[in-house]
Amino acid sequence: MMEFKKSPDGGWGWVIVLVSFFTQFLCYGSPLAVGVLYIEWLDIFGEGKGKTAWVGSLASGVGLLARLGCGLLYTATVTITCQYFDSHRGLALGLISTGSSVGLFIYAALQRLLIEFYGLDGCLLIVGALALNILACGSLMRPLQSSDCPLPEKTALESVPDQYSIYSEKEKDLEENTNIPGRSYGAEETCKSALASGGQKQESLLHKNPTTGAHTKEAETYKKKVAEQTYFCKQLAKRKWQLYKNYCGETVALFKNKVFSALFIAIFLFDIGGFPPSLLMEDVARSSNVKEEELIMPLISIIGIMTAVGKLLLGILADFKWINTLYLYVATLISMGLALCAIPFAKSYVTLAILSGILGFLTGNWSIFPYVTTKTVGIEKLAHAYGILMFFAGLGNSLGPPIVGWFYDWTQTYDTAFYFSGFCVLLGGCVLLLAALPSWDTCNKLLPKPAPTAFLYKVTSNV
């Protein structure tokens, strides 16, 4: 298992924090502020809210491929920050994750301005052009090298056959050699005796007929190349298959950790219920007959500001040794579920603004989610585990707004929709809480246990 150098907790790590902040700012600013565009799409397409919500949830404002890019960028910024920081990891994660919240606040106002001057198409073009600056940010991200060797380089395709050459002295596999079409390389002694006995005959034939000798040489060269390429392809396929088996085995091992499994369920349900407010809150205000002149500040901007505050404060709290970050994360989930259930009772701009601020602050738990994941599976498995969790988070993110929109189309009110959203988030929080309770491990104390690994999450200790 590869072990990384000790986290520097500073130095170039602060450059990583800065560029990760701007990466999330540019990557997630527009998708999170998609609520501004959602109103425009409703007016332009004239479709139902559930059908129109698919545009915002799947395309995230700037295209389906951008959604894939956002997922890759988010995982990269979180993973590299966790590598560079240990004792200040919570603060570092809080700082970089505020980039998306600041982006939400700025892009909400910027996109309204761009739509007013350039229309919806011009707005999307300018937003896409701004996102190109992510390339400059990525060029400054230097992965932390492992403690025992430099970062492995990808092997060039041309150099691979040398490693698996059939003429390698280290290759002793008879079965592989005999399966190569055209000739047999397994019985080395037989080949040597055959060549020795037929050498003189072949030489005499070449002297008698030079043309035949030339064709024979070409045929042998061709057979040799075919044999080499066939063997190379077989070895490469075996190697890829082994890597795939290893990946599947590691994935199964991750899900045997009950905290990770509960975390997987919680993040999926959290994104089904927690993402719709950022997309639909502006339309919720319009459905509640809130006049435009009463909108002192867009509700989506309030969510953005408070999300930034929540990410920073929760990230700082995660660094305190006496605070268990897993229980802190569970508390934010349960509180957010209750806040979502309270939205149907808000009928004025003031109450909607207060609930938007609460929801924004609690959404800041994204800053401690990587922290919890790292403590659950370990830094070496973080990229693998986080990739799995982010895939299902994105799936929930895509399903949430259309489901809420369909509830509105069905009932002509958002009340049932937000009861459903609140229930999903509450259920995720309760599942994670039950998995984290020490009482679940009581029955296992009577059984002999193997020595604990360094990366098992200890729910009874303060993190």
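Visitor: Are Phe 25 and Tyr 107 buried or exposed?

Guide: Both Phe 25 and Tyr 107 are buried. Buried means under 20% relative accessible area, exposed over 50%, and partly exposed in between, with a 1.4 Å probe and protein chains only. Please note that this is a predicted model, in which local features need pLDDT of at least 70, side-chain atom pairs count only at pLDDT 80 or more, and totals for chains, interfaces and linings use all residues. Residues are numbered from 1 along each chain as its sequence is written, and side-chain values use heavy atoms, with hydrogens and water left out.

Visitor: Why is the pair of Phe 25 and Tyr 107 called tilted?

Guide: Rings of Phe, Tyr and Trp (its six-membered ring) pair if their centres lie within 6.5 Å; planes under 30 degrees apart count as stacked, over 60 as edge-to-face and the rest as tilted. The ring centres of Phe 25 and Tyr 107 are 5.8 Å apart and their planes stand at 50 degrees, so the pair is tilted. The search of the whole structure finds 18 aromatic pairs.

Visitor: Why is Phe 85 called buried?

Guide: Phe 85 has a relative accessible area of 0%, and is therefore buried. This residue lies in the loop between helix 4 (64-84) and helix 5. Phe 85 and Gly 10 are 75 residues apart in sequence, yet their C-alpha atoms are 7.2 Å apart in space.

Visitor: Why is Gln 412 called exposed?

Guide: The relative accessible area of Gln 412 is 54%, so this residue is exposed. Gln 412 is placed in the loop between helix 17 (382-411) and helix 18 (415-436). Its phi is positive, about 60 degrees, although Gln 412 is not a glycine. Most residues other than glycine have a negative phi.

Visitor: What makes helix 16 mostly covered?

Guide: In helix 16 (residues 369-377), 8 of the 9 residues are buried. Among them are Phe 369, Pro 370 and Tyr 371. Gly 378, with a positive phi near 95 degrees, follows helix 16.

Visitor: Which residues does Phe 369 touch?

Guide: Leaving aside residues up to four places away in sequence, Phe 369 touches Leu 263, Ile 267, Tyr 329, Tyr 386, Leu 389 and Met 390. Contact means heavy atoms within 4.5 Å.

Visitor: Which residues have the most contacts inside the largest nonpolar core?

Guide: They are Tyr 329, Phe 369, Tyr 414 and Leu 432, in a core of 98 residues. A nonpolar core is a set of buried Ala, Val, Leu, Ile, Met, Phe, Trp, Tyr and Cys residues joined through side-chain atoms within 4.5 Å. Helix 5 gives this core its largest share, 11 residues.

Visitor: How do you know that Arg 142 lies over the face of Trp 12?

Guide: A charge sits over a ring if NZ of Lys or CZ of Arg is within 6 Å of the ring centre and within 35 degrees of the ring normal. Arg 142 lies over the face of Trp 12, at 4.0 Å from the ring centre.

Key
Helices (H or I, at least four residues) and strands (E, at least two) are DSSP runs, numbered from the N terminus.
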